[in-house]
Amino acid sequence: MLEDAAPPRPDMEDGLLLAEAEYILPLRWAADDGLAELTQYLRKLAGWIRVTVVDGSPPELFAAHGRAWQGLVRQLPPNPANGRNGKAAGVMTGVQASSAEFLVLADDDVRYTLPALSRLVGLLGEADLVRPQNFFLRWPWHARWDTARSLLNRAFGSDYPGTLAVRKSVLDATGGYDGNVLFENLELIRTVEAAGGRQVRADDLYVGRIPPATGHFRGQRVRQAYDSLAQPGRLAVELSLLPVFAWAARRPSRWVPLLLAAMGAAEAGRRRHRGAAVFPATSALWAPCWLLERAACSWLAVGQRLAGGVNYAGRRMPRAGTSFRRLRRRYRALRLSASTTRRPTMATSETNKPAAGTVVACPNGPLLLRGDVEILTETGEPVPRSRKTVALCRCGASSIKPYCDGTHKLIGFTTGTASGAAAPSREEA
């Protein structure tokens, strides 16, 4: 099976860049009930991609994790200066410590397969941020309930998964994203787009996720509704649900079109981009339940905001997110500053794709060639190439030259940068 295969070779087209990518997992556990299962996943994952776990668990658990993951992953404590939101602080700690350009960010319940991971990084070769779609790997009742939310999101746009892929140079250019908001994924997406980055919504790239315990699911209902405070239009719609349901309650016949509309929209979201292959048919039937939940919880979330915010790690956190307009003003000025200091920036072409004819020299790794540049053999014959970003061998030991096959890692190839920690240089081809 692909999941149990040896480390990928770049003759798999979408796996060409995996060897130069990094997987960043922010973690903060109060108990180790899932340690054995997570360790098994990390053991498989480490055979495909470099892994950094930013572990904010208590000292005794941090030490236990270090023993369990020795030789598999790099384990770091989070830098509290990166914000009060533990996940955002963990992500930015990993980003700052990474020397890779392509970064996969994932919650501790996300479970990639090799094909999904390879495709995600492949898409990042021509984008600044990639947003896949999560689905649950098991289906207790509350997983179907929560899936109804994802299906409605898909019906009217895209869902917000627990994993993203992003270019390090984008976050270096922006100085990261705000770690003092609750809806950290939306904040990251908005930050990249406000700075001129290109987002790819890969709604047909399905990444598995382990469902939460029932108690955790129940405890997150108002917390999830609070995220809508970062999206005023969505919040207005959700606040209107309670009056609509109150109106329908006066005459039972009014419920029929409302229920049918909710389930119909969820079913449309389930069928988009071949979603029926991963979402059970019955999950659309739970849409009315989720709407009833959100009708009540959105008002409770507003009440929490008026009381000072959500209780997070013993303190109140009032902000759900930063408006896109404010971020755009902020990063318009930052781009001007970046251009004068030669900091890494996004491409400036009209499509926001990497500029043609650029070569990125990866520390202790290959040359990443981007753009419409023809590759020729020593006799002048064109080398087959089916994507705009490819990894070229620099160590001389690849078995599929001119392309990289990851052998540089096995032979300890170095490029003379300090411990491989320097940011990639960029030269015009």
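Gly-196, which follows α7, has a positive phi, near 95 degrees. Helices here are DSSP runs of H or I with at least four residues, numbered from the N terminus.

This is a predicted model, in which local features need pLDDT of at least 70, side-chain atom pairs count only at pLDDT 80 or more, and totals for chains, interfaces and linings use all residues. Residues are numbered from 1 along each chain as its sequence is written, and side-chain values use heavy atoms, with hydrogens and water left out.

Helix α7 covers residues 184–194 and is largely enclosed by the rest of the structure, because 10 of its 11 residues are buried (under 20% relative accessible area, with a 1.4 Å probe and protein chains only). Among the buried residues of α7 are Leu-186 and Arg-190.

Gln-231 is in contact with both Leu-186 and Arg-190, and also with Tyr-160 and Phe-183, when neighbours within four places in sequence are left aside; contact means heavy atoms within 4.5 Å. Gln-231 lies in the loop between α9 (221–226) and α10 (232–249). With 15% relative accessibility, Gln-231 counts as buried.

The second largest pocket holds about 600 Å³ of space. Its lining has 26 residues, and those closest to its centre are Leu-152, Phe-156, Val-237, Trp-290 and Leu-291. Helix α10 gives the most to this lining, with 7 residues. The table divides the lining by class.

| Class in the lining | Number |
|---|---|
| Nonpolar | 16 residues |
| Polar | 5 residues |

Conventions: Helices (H or I, at least four residues) and strands (E, at least two) are DSSP runs, numbered from the N terminus. Buried means under 20% relative accessible area, exposed over 50%, partly exposed in between (1.4 Å probe, protein chains only). On a 1 Å grid over the protein atoms alone, a cavity is a set of points where a 1.4 Å probe fits but cannot get out, and a pocket is an open set with protein on both sides within 12 Å along at least five of seven lines; lining residues have an atom within 4 Å of a point. Grid points are joined across faces, edges and corners, and a volume is the space filled by probe spheres set on the points. Ala, Val, Leu, Ile, Met, Phe, Trp, Tyr, Cys and Pro count as nonpolar, Asp, Glu, Lys and Arg as charged, and the others, Gly among them, as polar.
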